[in-house]
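Please take me through this structure one selection at a time. I have the viewer open and would like to know what to click next.

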Amino acid sequence: MMTDPSKPVVAVTGASRGIGHAIVRHFHRQGWKVITLARTPFSTQCPWAEGIIHHIEVDLSDPGSITGAADRLKRMLDGHGLSALVNNAGISPKCGDGGRMGALVTPLATLLSVQQVNLVAPLQLCQELLEPLKARQGAVVNITSIAGSRVHPFAGAAYAVSKAALSALTRELAYDLAEYGVRVNAVAPGEIETSILSPGTDRLIEAQVPMKRLGRPEEVAEVVYFLASGQASYVTGSEIHINGGQHV
């Protein structure tokens, strides 16, 4: 893979659609080499990337699968280091009718499985990929959510708890990794135009978003890229809201 080791390399989880797909496209257009990690073969979801994007299949609910994927990624890097890790993958379970799964009706097994994918997997990847990140004095960008800081009408309790914890983990990692020159930040999207928008989002936009529109996945990707790039060389431990002012 590393035919040109001077090029920066980014690894992105959950990259086959929506925000993750936009992140992959943006980094590729900026000249980065991209490695994607997801449960499914990437090229079936993104035909344009065939032969361009390097893909690793991984089950983020399985710590053993994560270890195997990290080992494969390090072999692909061939000792040249990792410039950025973007922890984008996440799951958000719903009730049987598709509605919000509140805390009192969330099965404990569901709560734990969401934490594994949304919180534990990003931490494990940071631990497993620490040496490649140190080699490039790279950056980690975690995708949190507006649901991590306020009760959301669509996102359930397990998802909200995982994203609030991921925000805290971002700060902890930023503190721990600063001595190695590795920066760790987060972006917290609000209502972004993807295929998984819930019914009633249009009313939410009108009532809660000062800019009165959905965000575009590309608008999230641009901020993620900024945080991963040298332009943000003195930014760490931060969380940037991307929500048209919804958080205010």
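**Whole chain.** Show everything first. This is a predicted model. The protein chain holds 8 helices and 7 strands. Its C-alpha trace spans about 50 × 40 × 40 Å along the principal axes. A compact globule of 248 residues would have a radius of gyration near 18 Å, and the chain's 17 Å agrees with that. Of the 248 residues, 50% count as buried. Now colour by surface: the accessible surface is about 11500 Å², and carbon and sulfur atoms own 53% of that.

**Helix 3.** Select residues 63-77. The end C-alpha atoms of helix 3 lie 21 Å apart, in agreement with the 21 Å that its 15 residues should span at 1.5 Å a residue. Next, pick out its buried residues: Ile66, Ala69, Ala70, Leu73, Met76 and Leu77. Look down the helix axis: they fall within an arc of 115°, so they line one face of helix 3.

Go to the start of helix 3. There a side-chain oxygen of Asp62 comes to within 2.9 Å of the backbone nitrogen of Gly64. Just after the helix, stop at Asp78, whose phi is positive, about 55°.

**His26.** Jump to helix 1, residues 18-29, and select His26. Is His26 buried or exposed? Its relative accessible area is 18%, under the 20% limit, so His26 counts as buried. Leaving aside residues up to four places away in sequence, His26 touches Ala221, Glu222 and Tyr225.

Methods
Residues are numbered from 1 along each chain as its sequence is written. This is a predicted model: local features need pLDDT of at least 70, side-chain atom pairs count only at pLDDT 80 or more; totals for chains, interfaces and linings use all residues. Side-chain values use heavy atoms; hydrogens and water are left out. Helices (H or I, at least four residues) and strands (E, at least two) are DSSP runs, numbered from the N terminus. Buried means under 20% relative accessible area, exposed over 50%, partly exposed in between (1.4 Å probe, protein chains only). Contact means heavy atoms within 4.5 Å. The expected span of a helix is 1.5 Å times one less than its number of residues. The arc is that of the directions from the helix axis to the C-beta atoms. A polar contact is a pair of N or O atoms within 3.5 Å; within protein, one must be able to donate a hydrogen and the other to accept it, and residues adjacent in sequence count only if both atoms are side-chain atoms. The radius of gyration is taken over C-alpha atoms; the globule rule is 2.2 Å times the number of residues to the power 0.38. Accessible areas come from the Shrake-Rupley method with a 1.4 Å probe; for residues, only the protein chains shown count as cover.
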